[in-house]
Amino acid sequence: MEIKVKKKLSENILEKISIDFLRNQVLKNAYGNDDTVIAKLDPRILLVWYLFVGLVPWFVNDLWFLMACFLLVLVTTKLARVAGLVLLLFAVGVFTQTGYLLIVSLFFGGNASTVMPLLILTLKVATCSLASITVFSGLDPDRLSNGLMWFGCPERLSFSISYAYRVLPMLMEEFQNILLSYRMRGNPPEHETFTGKVKYLFYQVKVIIHAFYPLMLNTAKRSRTTVEALEIKGYRYAAVNKAVKKMKLSTLKVTYNDLLFLAVSFLWIALSILASVIF
Amino acid sequence: MELAKKQTATQSQKLMVFVLTMALYGLATLFTELIPKFQVGVVEFSVEFFLFIPLTLSMLFDPLSAALGAATGELVFSEIMLGQFGGLGELEKFLTVTIGVYIAGRMVKNPKNYKMVGIAAITGTGLQLLMGTIVDIMKVQFAVEDFEAVAGLPESVFATEGFAFLNDLLFSGILFCLLPTLFLVPKLYGKIEPLLGMRPRDEKTGLGGINIKVIIAAVIGFAVAAGAELLASNGTPLIEWEASWAESKTALAIGMVAAAVIAVIALMVLKFRTGKEKAQY
């Protein structure tokens, strides 16, 4: 049992090191689907929609309503063509938030009465996460940050989003290069036996931590360049200037498609309320 | 002149620290988010691997910028980019990370003092984990109706959350926060500051230790965090509101459906009309 667990642990760490896979998935998630129905919607409309679907389920305990919300976000997630890894993370996340509670409470002498409240809790959690997956992975980063800015979010946040999407591929590549160079120069311990495997695991973790030393120095240099470039363009003044903001947001436009999306969602929710009233 | 010397960083240097911490911690949390969580039985070993990054940077640079950068980085890279954004609940994580990292950064006056660096690192981590645990327990207590009535639930929540806290603090706190910070702070000290055009922090340029103001701000921050998280989970106010229009529920529901149908049809018609007009030109 213990060996199996350790093996699983070291496999997990090894899996993480295949950064290429992660990078592909993340980039696919960020840039790979800007031709979907969801991505073409206006970010402001989507954010309003998200505010409803992401918040209201927390306050309602009606099973019909929750099921309807869940199905709605399920459909939108399908429409947004979200990357597989993100969906897997979602499933794991929902389980770790509520699924394990069910097992533990059964262990402590719970019974069928435990299941209902936990089912409702699970539905709530699942609905909110799927809604956020739809909005935040379905949308282009620039459109998303523009939408947030329109609602008066701090400029710092929309800057962070745009910057993050642009710098991430570079950072990942650099981190991978550093890790590879450490591996080339390093002498990993034998990992045939059990103790060897444990040692190998610790070695891997140590390499990852050491790799952050050069990465920190490089990123420090890079962030200085970034900020100086921003300063040359007068970033800190532009960030609080109303005229600049207006220019930036002039591309946003609400079309009939957006309103139709809202109306269909509303119809679906209204139907669910009707169903819950009748039955 | 004295005042100018006292100030540790200019505005743009603060922005640099913010960007630096955001990029690094964001990258790191992205990895932790992507690793499938490792579980033994029912207790998950969710390792907060990389808190050492903002801890280290907050001890070397302006703590507030580093703390805000770390929290923003986590929010943007691992929540928004992966679509894991949990709405209002994310405010809790944002604030707890900020408070933990900021307090750790303020505690260190001289990064050469090993003992203080170690104490600060473990205090910051412990604070962040403890606040998260308290909020988690409260969250389940409020989200599940009749918390006490559900057989076996209270004990199970306290047991798992308590165990998770201890496990996180002793396992990942020491292994992944304390030791790397102790390794990185002296190594980076004096090397990374010139890259941002600053002088290394010492007794004179430090911001000074923890005072009452910092503690009060932290407590308020935690109250806001807990409040946001509870508001995100607590059902009571809106359920009562729901009951007030319960008498004519059916009529209201039918009205809503009718309104929605009319809206959909009207929009469809409008859309097709504009489509045709465009096609004519």
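A residue is counted as buried if 20 or more other C-beta atoms lie within 10 Å of its own. By this criterion, in the predicted model described here, seven of the ten residues of helix 8 of chain A, which spans residues 141–150, are buried, so this helix is largely enclosed by the rest of the structure. The buried residues of helix 8 of chain A are A:Pro141, A:Arg143, A:Leu144, A:Ser145, A:Asn146, A:Gly147 and A:Met149. Helix 8 of chain A is followed by A:Gly152, for which phi is positive, near 85 degrees.

Two packed helices are described by the angle between their axes and the distance between the axes. In chain A, helix 9 (residues 155–185) packs with helix 10 (residues 194–232) at an angle of about 130 degrees, and their axes are 9 Å apart. That angle makes helix 9 of chain A oblique to helix 10 of chain A, and the crossing of these two helices is right-handed. On the side of helix 9 of chain A, the contact involves A:Glu174, A:Phe175, A:Ile178, A:Leu179 and A:Tyr182, which meet A:Val207, A:His210, A:Ala211, A:Pro214, A:Leu215 and A:Asn218 in helix 10 of chain A. The residues of this contact comprise eight that are nonpolar, two that are polar and one that is charged.

Chain B contains ten helices and two strands, which follow the pattern α-α-β-β-α-α-α-α-α-α-α-α when read along the sequence. Of the 281 residues of chain B, 42% count as buried. Among the contacts in chain B with a separation of 6 or more, 80% are accounted for by residues 24 or more positions apart.

How values were computed. Residues are numbered from 1 along each chain as its sequence is written. Chains are lettered from A and ligands numbered from 1 in the order in which they are written. This is a predicted model: local features need pLDDT of at least 70, side-chain atom pairs count only at pLDDT 80 or more; totals for chains, interfaces and linings use all residues. Axes are lines fitted to C-alpha atoms, for helices over the stretch in contact, and angles run from 0 to 180 degrees between N-to-C directions. Helices (H or I, at least four residues) and strands (E, at least two) are DSSP runs, numbered from the N terminus. Angles under 35 degrees count as roughly parallel, over 145 as roughly antiparallel, 65 to 115 as roughly perpendicular and the rest as oblique. A crossing is left-handed if the near helix is turned anticlockwise from the far one by less than a right angle, and right-handed if clockwise. Two residues are in contact if their C-beta atoms, placed from the backbone, lie within 7 Å. Ala, Val, Leu, Ile, Met, Phe, Trp, Tyr, Cys and Pro count as nonpolar, Asp, Glu, Lys and Arg as charged, and the others, Gly among them, as polar. A residue is buried if 20 or more other C-beta atoms lie within 10 Å of its own, exposed if 12 or fewer, and partly exposed in between; C-beta atoms are placed from the backbone.
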